[in-house]
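The following note is intended for a colleague who will examine the coordinates directly. Its points are numbered and may be checked one by one.

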Amino acid sequence: MGAAEVVPVGEEARRGGEQAPGGSPAVPDRVAASWRRSADYGVAARDATPVFAGTAREGSLFSTCGREVLADLHRTLVDEPLGLVLTDADGLVLDRLSGDTSLLRSLDAVHLAPGFAFSEREAGTSGLGLALADRLPALVRASQHYSADLTAYTCAAVPVLDPLTGRLEGSVNITTWSASSGQLLLALAQSAASATGALMLARSRGRSARPAPRGEVFRVLAPRPEPGAGTVTALSAAWTDAVAAAEAAVRAGRLTAAVGEPGSGRATLLAQALRRAHPRDRVLDVRPPAPEDVDAWLGLWAPEAAKPATTVVLRDVDALSVATADRVRDVLAGGGGPAPRVVVTAEDLGDVAPPLARLVASVVRVAPLRERPDDVLPLAAHAARRARGREVDLTPAAARALAGHAWPGGVEQLQRVVRRAASLADRVDVGQLPPEVLTGAGRSLTRLERVERDEIVRVLTRPGTTVVGAARELGLSRATLYRRIAHLGLEVPR
């Protein structure tokens, strides 16, 4: 975002009522919005004191990788007047490195030190606070800081997201004196944040990175059984009771949040509740956007949400930045007209940005599929029927394998597995199920162990194969094969 002729709320207070020579300087829109939030939080414009939060969380993958990356960077910049700072997602300073003793003393004086929380809520506008709030790289120079105590510095910070889950883990921040160049700082911070994410992915046992959010918006017409598992109603009490609770909240006009693990069917539950409460409504299913796409994202669904007989399902609102949540809150206010009918999903309401979390009036927990084992086979039969357009039989062995699996990926994983299996045969047996379904919920396997597991499953699930025959084909003794099956956590139904 470029600069705009906007004076941040609170600047006159910070300057003691004095005007800067030639009038107030222009500031970027993001900084101006951060100033307004800082004022709303009640941060002191002078002598802001960050909160000491105690010992930082140790041992996380992010903190381990981030410290290694900053230590390597510090060794190459030890003679430069730079402070390298690692924070968690709440702005808590986890680590700080610098070879400049005068800068370290100065940072100590403003409490930019391990154990102190430096988010917008505690310290007002700063590089790291803005990066965490917007989930975008941020550069805050000198007087752009909200607190007068920080105007001696220029700060560049870049958020770090977990490459597997997309969850905000923290930030990499580089601070120097305000007279120094800022663009170099931002480039260094971006490089360090990218290296941290890459190292986290490399140490995540080779699993694929999560695709970046795209902010898709699609319309669900009332008669259609979308999104998710559709109109399956013969499910467990855990599911039907949750649908009933959501329906009652929606009928009462309360902003309702369905919370639970990804893949548990949160959006599906809300869609079923909405069809019962407002059967003639059209439903817009809205996924979170990348931070740089927020304007286009709001332009797609916000005007539609104001139309009659329309409900919006906002998915994964815990992935929205504070700045985006601010703008969503304004949309939900209705602009003087009727407030749009909106429901939301999140993994944990505590992770939702405060501007949006405060609006949630009812929370419905959606139990993960492993806590609803009676739902597995009805959902599997439904997924197979939708894949083939007719009923598809499951053999008893396949049914036992599906019912006995923990389904860490939830309903979405079950549907994916069954759709693929139904596309391979008219009657699904264990031979059409992927090895992941036959592996118990034990430790994560290495790449070589996964190859070994897949080969054992391929041989053992071949019709007519005995353990003795499988051992002979694999070049193992029967005792060794049994040991490998136990070690890999395989559960191969007979």
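**Note on cavities, pocket and side-chain contacts**

1. The lining of the largest cavity comprises 7 nonpolar residues, 2 polar residues and no charged ones; here Ala, Val, Leu, Ile, Met, Phe, Trp, Tyr, Cys and Pro count as nonpolar, Asp, Glu, Lys and Arg as charged, and the others, Gly among them, as polar. The residues concerned are Val110, Leu112, Phe118, Ser126, Leu128, His145, Leu150, Tyr153 and Cys155. The space in this cavity amounts to about 50 Å³, and the whole structure holds 3 cavities of 30 Å³ or more.

2. The model is a predicted one, in which local features need pLDDT of at least 70 and side-chain atom pairs count only at pLDDT 80 or more, whereas totals for chains, interfaces and linings use all residues. Residues are numbered from 1 along each chain as its sequence is written, and side-chain values use heavy atoms, with hydrogens and water left out.

3. On a 1 Å grid over the protein atoms alone, a cavity is a set of points where a 1.4 Å probe fits but cannot get out; a pocket is an open set with protein on both sides within 12 Å along at least five of seven lines; lining residues have an atom within 4 Å of a point. Grid points are joined across faces, edges and corners, and a volume is the space filled by probe spheres set on the points.

4. Where does the second largest pocket lie? Both domain 1 (29-204) and domain 2 (218-367) contribute to its lining, so the pocket lies between them; the domain bounds come from an automatic or database domain assignment. Its space is about 540 Å³. The lining has 25 residues, with Ala33, Arg37, Ala323, Asp326 and Arg327 nearest the centre, and it divides into 9 nonpolar, 2 polar and 14 charged residues.

5. At least two lining residues of the second largest pocket come from each of α2 (29-41), α10 (294-305) and α11 (322-333). The largest share, 7 residues, is supplied by α2. Helices (H or I, at least four residues) and strands (E, at least two) are DSSP runs, numbered from the N terminus.

6. The salt bridges number 26 in this structure, each being a side-chain nitrogen of Lys or Arg within 4 Å of a carboxyl oxygen of Asp or Glu. In one of them, glutamate 120 pairs with arginine 37, with the closest N and O atoms 2.8 Å apart. Glutamate 120 belongs to helix α5 (residues 120-123) and arginine 37 to helix α2, so the contact ties together parts that are 83 residues apart in sequence. Glutamate 120 and arginine 37 are both buried, where buried means under 20% relative accessible area, exposed over 50%, and partly exposed in between (1.4 Å probe, protein chains only).

7. Two further salt bridges deserve a look. Lysine 307 meets glutamate 304 at 3.0 Å, N to O; lysine 307 is partly exposed at 41% relative accessible area, while glutamate 304 is buried at 18%. Aspartate 375 meets arginine 372 at 2.8 Å, N to O, and both of these residues are buried. One network, joined by salt bridges that share partners, holds Arg30, Arg37, Glu120, Asp134, Asp326, Arg329 and Asp330.

8. How many aromatic pairs are there? The count is 4, where rings of Phe, Tyr and Trp (its six-membered ring) pair if their centres lie within 6.5 Å, and planes under 30 degrees apart count as stacked, over 60 as edge-to-face and the rest as tilted. Phenylalanine 52 and phenylalanine 116 are edge-to-face, at 5.1 Å centre to centre and 65° between the planes. Phenylalanine 52 is in strand β3 (residues 51-52) and phenylalanine 116 in strand β6 (residues 116-117), so this pair ties together parts 64 residues apart in sequence. Phenylalanine 52 is exposed at 52% relative accessibility, and phenylalanine 116 is buried at 17%.

9. Tyrosine 153 and tryptophan 177 form a stacked pair, 5.8 Å centre to centre with 20° between the planes. The pair links distant parts of the chain, 24 residues apart, with tyrosine 153 in strand β8 (residues 153-161) and tryptophan 177 in strand β9 (residues 168-177). Tyrosine 153 is buried, at 4% relative accessible area, and is also among the residues that line the largest cavity. Tryptophan 177 is partly exposed at 28%.
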